[in-house]
Amino acid sequence: MEANEQVIKYETIPLNRKHKKNRKTILMASPVYILLFVYFIIIAYPLFWMVINSFKSTDEIFGSSWALPEKWLFSNYIEAWDTGISSYFVNSLIVTAATCLLTVSISALGAYGLSRFEFKGKNLLLIFCIGGMMLSPQVSLIPLYKLIQALGIHDTYLAMILPYVAYRIPITVLLIRSAFLEVPKDLEESAFLDGCGTWKIFIKIFVPLNLPIMVTATVLTAYFTWNEFLFALIFVDSESLKTIPAGLMQFRDALQTNWGVLLAGLMISAIPIILLFLCMQKFFVRGLTSGSVKG
Amino acid sequence: MLHGKRKITPYLYLAPCLLFLLFFVYYPIVENIRYSFFDFSAFSPSKTFVGLQNFIDLLHDKVFYIALKNNILYAVISVVCQVFGGLILAAILEAPITRLLSGFFRTVFFLPVVISITVIALLFTFIYDPQIGILNNFLSLIGLEDWTRAWLGESETAIFAVIAVSQWQSIGYIMMLFIVAIQGIPKELYEAADIDGAGGIRKFLNITVPQVKEMIFVTTLITLTGAFTVFNEPYILTGGGPGNSSDVLGTLLYHSAFFEDKMGYASTIATVILILTLMISVIQMKLFRTGKDG
Amino acid sequence: MKKLFTVFTIFVLCMSVLVGCSSSTSSSGDGKVIQLNFFHRWPTQPKKAFFEKAVKEFEKQHPNIKIKTEAVLNDSYKEKIRVVLGSSNPPDIFFSWSGEFAYNFARAGKALDLTDMIKEDKEWSDQIIQSQFIPFTLDGKTYGVPWSMDGKSFFYNKKIFKQLNLEEPKTWTEFMDDLQIIKDANITPIAFGSKAPWTISHYIGTLNQRLVPEDVIKIDYDPKNPEGDFSNPGYVEALKKFKELEPYFNKGVNAVDHEYARQLFKSGKAAICYMQYAEIGMVEPTLKDDLGVFKLPAIEGAKGDPNVITGAPEGIMISSKTKHPKEAMEFIKFLTSKEKGIQQVKEVNEYSATKGTLTDQNSSPLQQKAVDQIVNANRTALWLDTDLDINIVDAYLKGAQLMLDGKRTPEEVMKEVQKAAKEVKQSSAK
């Protein structure tokens with residue numbers, strides 16, 4: 001009853017009041033726009049710094065770091081690619097792809113188990129999963145090194161992939177679980193009544209409905225794996241297996257670093273992740289999940 | 001209530017996770033806890049059992065308290081900036097008025113996340129530079145010249161300068177997570193509120209926030225555990241200096257392990273971090289009553 | 001869709017295992033070929049290419065030996081060497097800093113005792129500057145072979161000095177006067193960065209040598225000798241002198257690192273910089289003839305040695321677990337031969353510890369002058385942070401950083417150093 005009255009009121013609002021409301025909306029929106037703009041500057045200006053300095057020589061970076069480059073050294077990028085990236089690119093690609101696939105799939109399974117079932121020790125297992133986020137990687141070096149040698153995977157891709165997956169599972173499980181928890185119970189119930197088993201419900205309902213979070217999880221895992229260098233350096237010795245972070249090291253030294261080339265190398269290295277993120281943007285469309293209850 | 005065909009179904013789903021975690025995470029954790037009762041160097045083959053001595057030494061170490069204080073500062077500031085700030089940013093970007101540019105902003109705000117810490121450290125060394133840094137230049141420009149200083153080089157400001165860098169990098173990350181969560185909120189809820197004449201802030205407080213409760217739990221957890229395990233930013237930006245003023249538990253651990261060769265002591269610090277973060281997580285789980293309909 | 005997904009995952013896993021395996025089977029080798037693992041800390045050019053070339057040359061001369069090289073950077077090197085030396089297959093040949101770093105390996109039994117092999121081949125070992133073996137020798141046994149040497153002095157911009165009518169200062173008072181003149185002319189007198197505190201240790205190391213008698217230092221620095229307690233007033237003096245320099249540094253030294261300082265000097269914005277000789281190659285191309293050098297000036301009334309140069313060699317060690325000590329030693333002899341030494345100076349700007357490797361063809365007069373200082377010094381004092389037990393170093397460096405920030409006095413810092421020294425010596429007596 002109340003709603004009807006409200007609706008009628010809305011329809012009879014005279015035109016000029018509607019206009020006022022629009023102006024008011026814009027006025028109220030301006031602090032929001034200002035905030036966005038300020039934050040944008042805070043983020044974009046340093047990013048701009050990175051780009052222009054990747055075209056400079058080391059001396060120029062230290063000499064006039066905020067000015068535009070005197071000479072645009074595209075050679076920085078070529079050098080970075082030739083020595084720091086090209087040989088390591090494929091390795092990074094393989095390790096990252098494998099890690100993402102494994103992490104997201106295993107975590108999704110685990111998240112499903114943790115979110116849609118009631119069983120003994122559920123909270124305990126949740127803590128068990130989260131616990132992985134609490135270990136400082138440096139202290140795990142020696143035990144992990146021993147384990148990897150014992151398993152016979154030292155100096156292979158698996159020496160990187162398996163630990164990475166293990167360390168990303170906690171956060172990925174948490175994320176996917178939080179999304180799964182929001183799926184309305186009615187959906188499951190109706191599918192269950194239709195005779196679907198848990199696996200079918202998982203594959204046909206949960207996964208498709210939560211693509212955004214899984215995609216986000218993939219991007220986050222990709223970014224972590226692509227840039228990870230502690231394990232990549234310690235568990236792998238052969239040049240032929242090293243990933244990009246090891247390759248980029250070639251531009252750094254205790255006494256001297258070729259910063260221009262290093263920046264160029266890091267820019268190049270960031271591109272695949274950015275591309276991945278951009279491609280995934282189409283999943284970030286509002287309304288993907290709304291309307292599903294009615295359907 | 002959903003019941004699997006067999007009672008062990010949930011365990012089956014969890015099995016791959018648990019296997020990975022057991023081998024590659026919990027085996028090192030257990031070893032680590034074991035190590036904290038010994039005194040040894042990475043070079044020497046022998047370990048001397050010292051019982052709780054490492055823990056006692058840690059409690060007497062005044063640097064431990066400085067580091068702990070810094071981690072707590074990290075935690076508080078991170079939650080405020082990242083969770084609170086990230087949520088607001090996400091809500092703004094998902095609101096109708098900013099719909100057009102939201103894709104663009106989303107990408108730009110997320111970019112800092114994909115930049116490696118090496119670059120960010122160099123970048124901020126220049127931003128904070130006492131002479132040519134833009135922070136000091138900006139302050140002088142707006143007439144606040146008294147506030148200019150060597151941000152990374154003075155013991156009062158060093159840790160705050162470091163924390164600020166982490167916020168710069170990570171707000172976008174948390175913001176993305178909230179965006180995904182907000183997108184899962186059914187439009188109908190907002191439409192109903194519009195009809196009731198609710199303003200932006202009311203809608204935010206009464207609809208958005210409760211609907212993303214689970215994500216708030218996750219992001220707070222991520223932020224808090226991150227704050228206690230942080231290592232890269234303080235290490236690369238200040239090395240824990242000047243003195244120990246910007247040391248955190250992570251840098252303390254690293255220094256013990258790789259400079260002082262006290263692996264046992266380092267393990268003790270790691271165990272303490274573990275216990276702290278575990279406690280925080282359990283408290284959070286209880287507070288949020290996660291997994292139950294709020 | 002799901003099937004494709006699973007197939008893809010299995011494929012990627014298989015591929016990674018296969019590729020991973022294939023690269024390690026090549027190391028098992030066939031019968032007679034001996035495989036050596038060589039681990040160094042220079043993945044950067046030009047050293048990377050230098051070592052790759054050296055390995056190839058050596059392999060050609062010794063067809064039955066294959067060397068697998070791995071190089072990781074500085075910090076990662078410190079991390080990895082600790083992890084791999086404790087494992088079951090450590091690298092056969094590896095680089096090490098001298099002093100405490102090398103002694104750690106020796107004490108833990110991880111480094112091979114090379115004394116006999118060095119004595120056997122006098123023809124080769126006599127070619128090496130003998131004083132450079134000292135920082136690799138512990139309790140009379142030598143565990144490493146020096147590959148490069150280094151020293152540290154004040155480098156200055158001759159143009160600025162000429163402009164202001166200054167000469168190389170011979171005493172500390174002259175030095176302080178010069179600094180004031182430079183400052184009055186609105187030029188930063190000394191470029192310095194203490195974010196990474198090893199730069200502080202270099203200053204303090206030399207100042208200690210100047211102000212504290214040598215025999216006192218010997219007892220104090222020895223971690224096993226409980227008599228040395230750092231109570232000599234010279235130590236506080238040293239810190240005071242360092243603090244005297246503070247107004248002449250660039251602003252905010254704790255916020256910037258050494259590379260930044262060197263860039264300041266290189267670009268002519270600062271007049272003086274305390275640098276290692278290895279850095280000459282980085283600065284000379286820009287400053288050319290304007291680059292000059294003078295020792296840390298003698299301090300009036302100082303009780304220490306005014307002629308000591310601070311510097312240390314870096315060298316190569318062999319793992320005690322190696323299966324092929326003789327072949328490993330061959331490679332080291334090759335790397336420290338005279339020819340390689342000459343190439344080394346030219347190509348990578350490292351001063352070889354082998355005699356007669358500095359010629360007019362491969363080095364500038366300034367470099368020759370610098371190396372002469374090392375060879376002719378009474379003795380070289382090691383970098384403070386490799387000469388002392390790390391806990392004492394920590395007390396010094398952390399304290400000095402705070403001293404520069406105005407939060408500690410020299411006396412307070414020394415108290416902390418004394419406390420740390422006491423603890424270290426007590427625990428080593430156990």
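Read along the sequence, chain A follows the pattern α-α-α-α-α-α-α-α-α-α-α-α-α. Helices (H or I, at least four residues) and strands (E, at least two) are DSSP runs, numbered from the N terminus. The model is predicted; local features need pLDDT of at least 70, side-chain atom pairs count only at pLDDT 80 or more, and totals for chains, interfaces and linings use all residues. Residues are numbered from 1 along each chain as its sequence is written, while chains are lettered from A and ligands numbered from 1 in the order in which they are written.

Of the 295 residues of chain A, 47% are buried. A residue is buried if 20 or more other C-beta atoms lie within 10 Å of its own, exposed if 12 or fewer, and partly exposed in between, with C-beta atoms placed from the backbone. Contacts in chain A were also examined by sequence separation; two residues are in contact if their C-beta atoms, placed from the backbone, lie within 7 Å. Among the contacts between residues at least 6 apart in sequence, 78% join residues at least 24 apart. Ile274(A) sits in helix α13 (residues 259-280) of chain A. Ile274(A) has 17 other C-beta atoms within 10 Å, so it is partly exposed. Its C-alpha atom is separated by 9.1 Å from that of Val219(A), 55 residues apart along the chain.

Chain A also meets chain B. In this interface, 83 residues of chain A are in contact with 78 residues of chain B. Helix α7 (residues 158-181) of chain A gives the most to the chain A side, with 13 residues. That side divides into 57 nonpolar, 21 polar and 5 charged residues. Here Ala, Val, Leu, Ile, Met, Phe, Trp, Tyr, Cys and Pro count as nonpolar, Asp, Glu, Lys and Arg as charged, and the others, Gly among them, as polar.

The largest nonpolar core holds 289 residues. A nonpolar core is a set of buried Ala, Val, Leu, Ile, Met, Phe, Trp, Tyr and Cys residues joined through C-beta atoms within 7 Å. Met160(A), Ile176(A), Phe178(B), Ile269(B) and Cys273(C) touch the most other members. Domain 1 (33-150 + 312-380) and domain 2 (152-310 + 389-429) of chain C both give residues to this core, so it lies between them. Leaving aside neighbours within four places in sequence, Met160(A) is in contact with Val95(A), Phe231(A), Ala232(A), Phe235(A) and Val236(A).

Chain C has 19 helices and 14 strands. Of its 430 residues, 49% count as buried. The C-alpha trace of chain C spans about 75 × 65 × 55 Å along its principal axes. A compact globule of 430 residues would have a radius of gyration near 22 Å, and the 24 Å of chain C agrees. This radius is taken over C-alpha atoms, and the globule rule is 2.2 Å times the number of residues to the power 0.38. Among contacts in chain C between residues at least 6 apart in sequence, 78% join residues at least 24 apart.

Chain C is divided into domain 1 and domain 2, with bounds from an automatic or database domain assignment. Their centres, taken over C-alpha atoms, are separated by 28 Å. Contacts link 17 residues of domain 1 to 15 residues of domain 2. On the domain 1 side, helix α16 (residues 365-376) of chain C supplies the largest share, 7 residues. This side divides into 6 nonpolar, 6 polar and 5 charged residues.

Two loop residues of chain C stand out by backbone angle. Most residues other than glycine have a negative phi. Asn186(C) is not a glycine, yet has a positive phi of about 65°. Asn186(C) is found in the loop between α8 (172-184) and β8 (188-191) of chain C. With 6 other C-beta atoms within 10 Å, Asn186(C) is exposed. Lys288(C), also other than glycine, has a positive phi near 45°. Lys288(C) is placed in the loop between α13 (280-287) and β10 (291-294) of chain C. Lys288(C) has 11 C-beta neighbours inside 10 Å and counts as exposed.

The model scores ipTM 0.82 and pTM 0.83. Chain B averages a pLDDT of 85, and 95% of its residues score at least 70. In chain C the mean is 84, and 92% of residues reach 70 or more. Over residues 19-30 of chain C, pLDDT stays under 50. Where pLDDT is low, the predicted coordinates should not be read in detail.

Note on methods: pLDDT is the predictor's confidence in each residue, from 0 to 100.
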